[in-house]
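Here are my notes on this one, as numbered points. Have a look at the model first, then read on.

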Amino acid sequence: MLNTQVTTLPYDDMYEALIEAHQGLSTEQSHVMNARLVLLLSNHIGDLAVLKQAYQLARGQDAAASQQPDAGKRAITPVAPTHAA
């Protein structure tokens, strides 16, 4: 089961490190990096059911409600990194 509970991780530091990892990359390179990151973290998780639940939640869908037509579908605003020139 996907853990969506708040933990004691340093979220601000984690976000800053992610943004720093994107600095100096083109938009295309940033997308490639994100795809690689997803694959690396998916491999680390190693549980397809957990990954599917995470994908649904990331799309803005409640995993339980997504089994019903038009249920749990909310708009989600993507966050795009700002690239250094």
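1. Starting with Met14: this residue is partly exposed, with a relative accessible area of 40%. For the terms, buried means under 20% relative accessible area, exposed over 50%, and partly exposed in between (1.4 Å probe, protein chains only). Met14 sits in helix α1; helices (H or I, at least four residues) and strands (E, at least two) are DSSP runs, numbered from the N terminus.

2. A word on provenance. This is a predicted model, where local features need pLDDT of at least 70 and side-chain atom pairs count only at pLDDT 80 or more, while totals for chains, interfaces and linings use all residues. Residues are numbered from 1 along each chain as its sequence is written, and side-chain values use heavy atoms, with hydrogens and water left out.

3. Patches are built from residues with over 30% relative accessible area and no salt bridge; nonpolar side chains (Val, Leu, Ile, Met, Phe, Trp, Tyr) are joined within 5 Å, like charges within 9 Å. A salt bridge here is a side-chain nitrogen of Lys or Arg within 4 Å of a carboxyl oxygen of Asp or Glu.

4. Tyr11 is also in helix α1 and partly exposed, with a relative accessible area of 40%. Leaving aside residues up to four places away in sequence, Tyr11 touches Gln5 and Val6 (contact means heavy atoms within 4.5 Å).

5. Helix α1 (residues 11-22) holds Glu16 too, which is partly exposed at a relative accessible area of 46%. Glu16 gathers with Asp12, Asp13 and Glu20 in a surface patch of negative charge.

6. Asn3, in the segment before α1, counts as exposed at 54% relative accessibility.

7. Now the whole chain. How many helices and strands are there? The protein chain has 3 helices and 0 strands, running α-α-α from the N terminus on. Buried residues make up 14% of its 85 residues. Of the contacts between residues at least 6 apart in sequence, 40% join residues at least 24 apart.

8. Areas come from the Shrake-Rupley method with a 1.4 Å probe.

Notes
Lys, Arg positive; Asp, Glu negative; His and termini not counted. Charge placed at Lys NZ, Arg CZ, Asp CG, Glu CD.
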